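We will go stop by stop.

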2 protein chains.
Amino acid sequence: MQNSVTLRDVARAGKVSVSTASRALAGGLTSKSTETRLQRIAAELGYRPNTLARGLKTRSTRLVGLVVHNLANASFRVLAEVVQQRLRAEGYQVILCITADNPDQEAETIATLADQRVDGLIICPTGHNGEQLAALDRGGTPVTCVVRRHEAVEMETVLAADPEGAFAGTRYLLELGHRRIGLIVGRQETTSGRERLSGYRRALEEAGIRFNPTLVHAGRYEPETGLAGCRQLLDREDRPTALFVANHESSLGVLRGLAERELLVPDDISLLCYEDMPGFEWQRPALSVVDSGAHAMAELAADRLLLRLRSHAAPPAATAHEYRIGARLIRRQSCRPVVS
Amino acid sequence: MQNSVTLRDVARAGKVSVSTASRALAGGLTSKSTETRLQRIAAELGYRPNTLARGLKTRSTRLVGLVVHNLANASFRVLAEVVQQRLRAEGYQVILCITADNPDQEAETIATLADQRVDGLIICPTGHNGEQLAALDRGGTPVTCVVRRHEAVEMETVLAADPEGAFAGTRYLLELGHRRIGLIVGRQETTSGRERLSGYRRALEEAGIRFNPTLVHAGRYEPETGLAGCRQLLDREDRPTALFVANHESSLGVLRGLAERELLVPDDISLLCYEDMPGFEWQRPALSVVDSGAHAMAELAADRLLLRLRSHAAPPAATAHEYRIGARLIRRQSCRPVVS
DNA sequence: CTATGCTTCGCAAACGTTTGCGGGCGCAAG
DNA sequence: CTTGCGCCCGCAAACGTTTGCGAAGCATAG
């Protein structure tokens, strides 16, 4: 702040007007000689452009907002890392905001980001501030939803292929011979919760197995959910031979629940999780998972946003598209064929 | 961006000058009547101040930068969450940047943040761009270092009490009767790596046990380090009876290494980790740890910065203080007395 | 030699605020 | 009724850029 060497100083040192200085540093707008000369002077003086003034004039800060529920969730973590890295490569800075899945906090966050005149927004929406977001998007600030769809309003969205992922996971277990497959899944108010349940159900039905609601436990994205679900499912007299934990926060609780019962994976019970968390690979036995592709999602979200940032021209709401990232089954060691 | 209702519009609607509008919205600078009247008008029009223009004039964006190495590390995660929450409560937004512990990337990051005219900076330094940071601090943009100390230059810093933490952990194991304690620790180039080793060593020597360098394995903050160290230490003929993993990234690798050897914790070997990671509590057996107080560190860092942000007056470099957060031993189930 | 075109640069306005300064007005005191 | 004092408010400058417009310089073509 003290070190405020401004364009005027550069201009003065170079004996030109402020405007030529500006153009020289922009490049290609002056003669080659003054261009290099002024750039050298600017470097010597340690000139750094004032982003505020520039943004005020050009109506473009190079900031984009990234709004997520938390950082404990592995998907959000890679989202944050990938988005930040990708956008930085294009000269954008990322403002990270955490909403704790709280609509009020989300509303405030969006407002503040709008005040900062961010150029764009990547958000995992709570589902409550649709009009606010849509207004932003209409106003020329591209908004890309990620991980969760906003049910109320049309916006560009990149999602995981949850129906297919859950389907593939369930079918894998079926192919191994399992017939009683317990499902621990997220709340049915969320897109992912619903879609993963439906994928599970479809796989069962295609295999000619009747869907049994008492085999599924839905809850919040927390370890406690996993523990509770685990206990509930294991206390049945016809204990499932496999558990599909389609909610990766709960996985920790499930692991604990299985240990409580002294059940060994995969000998006593097969275990399939959702999302590839860093620890899973190192776990013993290494956990099989269906990877929803958080990394790819993050990349696509960043790329889509970048595209719209660059083509400042047309933000055609009509084109509001929905992208799905393919899920991938990773077979490791936690599932085994059922012995008959 | 389209929705650009400016102060002029408010003034016009209220039939006053722009300056009165500004003052009315600021509050306390006009008559009570015009104040409420204009505030109502502003609300109706949906006026939102342009942070860029304001920042340009007042030389204060309400932005602070937060610079960390990554988000996989649990300390950084809580740092990000806590700092962002705390600063937001005071009206600041957080720009999150990730350096991957890479000095070049760090240099670029700091420069860009300075360009954005952030009001302050919280950073876990790589240790390489000291002059840049010091210049910022001198220039009136308070910089607070966290987690790591910057060896080269004096700055306000909040650290974990690593020497004491490692000492306490080691002594705990000693009290349980362990004599051969393997240590897996971070690189000796880092503050934490050195300090944790020295704490371990001091505890041993105070107990009258000769420090044995072959019992320590130092490596990067990665699971691979844990695995390698684990293998090395377990292959000794006089296998340690306890492992102190003073580097929480490595813990995952250690767990895997122990499983490989089919060693049970705590029956076959005691295990003490550093940092309380979310999974540890759920692990079976629940892992004992020395918690370095990442949460408290984050809070203190945020508070210190806030203090200096508010008292815009004096950034006395002389006061550059170093704060230490006490470590806390959490006894769970992974350590047991050695049977003689 | 004049007309024309291109390149290179300066002038000044603009972006949306905040704020020092001074003018107008009302009200109390003289 | 005048003077003085305070309270509100408007004028205008400033923050550091970018950019349209026009002027100057120079070369080339007619």
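This is a predicted model: local features need pLDDT of at least 70, side-chain atom pairs count only at pLDDT 80 or more; totals for chains, interfaces and linings use all residues.

A polar contact is a pair of N or O atoms within 3.5 Å.

**Stop 1: DNA strand D**

Stay with DNA strand D and show what lies around it.

Next, pick B:K57. An N or O atom in its side chain is 3.0 Å from a base nitrogen of DNA strand D. Then pick B:S17. Here a polar backbone atom is 3.0 Å from a phosphate oxygen of DNA strand D.

Which helix gives the most to the surface near DNA strand D? Colour α4(A): it gives the most, with four residues.

**Stop 2: DNA strand C**

Switch to DNA strand C. Around it there are 25 residues. A:T20, A:R23, A:R59, B:L7 and B:S22 come nearest. Of the atoms of DNA strand C within 4 Å of the protein, 63% belong to sugar or phosphate. The rest belong to bases.

- A:S19: a polar atom of its side chain lies 3.0 Å from a base nitrogen of DNA strand C.
- A:S31: a polar backbone atom is 3.2 Å from a phosphate oxygen of DNA strand C.
- B:T6: a polar side-chain atom lies 3.1 Å from a phosphate oxygen of DNA strand C.

Now for the helices. Select α2 (18-26) and α4 (51-58) in chain A, then α2 (18-26) and α4 (51-58) in chain B. Each supplies at least two residues of the surface near DNA strand C. The largest share, four residues, comes from α4(B). By class, this surface has six nonpolar, twelve polar and seven charged residues.

**Stop 3: aromatic rings**

Zoom in on one of them, B:Y200 with B:F211. The ring centres are 6.3 Å apart and the planes stand at 80 degrees, so the pair is edge-to-face. The cut-off for that label is over 60 degrees.

B:Y200 is in helix α9 (residues 191-206) of chain B. B:F211 is in the loop between α9 and β7 (216-219) of chain B, eleven residues apart from B:Y200. Are these two residues buried or exposed? B:Y200 counts as buried, at 1% relative accessibility. B:F211 is buried too, with a relative accessible area of 13%.

**Stop 4: charges over rings**

Select B:R202 and B:F167. The charged end of B:R202 sits over the ring of B:F167, 4.0 Å from its centre. Then move to chain A and select A:R196 with A:Y274. A:R196 lies over the face of A:Y274, at 4.0 Å from the ring centre.

**Stop 5: cysteines**

Show the cysteines. How many disulfides does the structure hold over all chains? There are zero. Take A:C230: the nearest cysteine sulfur, that of A:C273, is 11 Å away. A:C230 counts as buried, at 0% relative accessibility. Now take A:C335. The nearest cysteine sulfur is again that of A:C273, at 8.4 Å. A:C335 is buried, with a relative accessible area of 10%.

**Stop 6: A:N247**

Finish in the loop between β8 (242-245) and α11 (251-260) of chain A, and select A:N247. A:N247 is buried, with a relative accessible area of 1%. What does the side chain of A:N247 reach? The side chain of A:N247 reaches the backbone oxygen of A:R220 at 3.5 Å. It also makes a polar contact with the side chain of A:S250, at 3.0 Å.

Note on methods
Residues are numbered from 1 along each chain as its sequence is written. Chains are lettered from A and ligands numbered from 1 in the order in which they are written. Side-chain values use heavy atoms; hydrogens and water are left out. Rings of Phe, Tyr and Trp (its six-membered ring) pair if their centres lie within 6.5 Å; planes under 30 degrees apart count as stacked, over 60 as edge-to-face and the rest as tilted. Buried means under 20% relative accessible area, exposed over 50%, partly exposed in between (1.4 Å probe, protein chains only). A charge sits over a ring if NZ of Lys or CZ of Arg is within 6 Å of the ring centre and within 35 degrees of the ring normal. A residue is near a molecule or strand if one of its heavy atoms lies within 4 Å of it. A polar contact is a pair of N or O atoms within 3.5 Å; within protein, one must be able to donate a hydrogen and the other to accept it, and residues adjacent in sequence count only if both atoms are side-chain atoms. Ala, Val, Leu, Ile, Met, Phe, Trp, Tyr, Cys and Pro count as nonpolar, Asp, Glu, Lys and Arg as charged, and the others, Gly among them, as polar. A disulfide is a pair of cysteine sulfur atoms within 2.5 Å.
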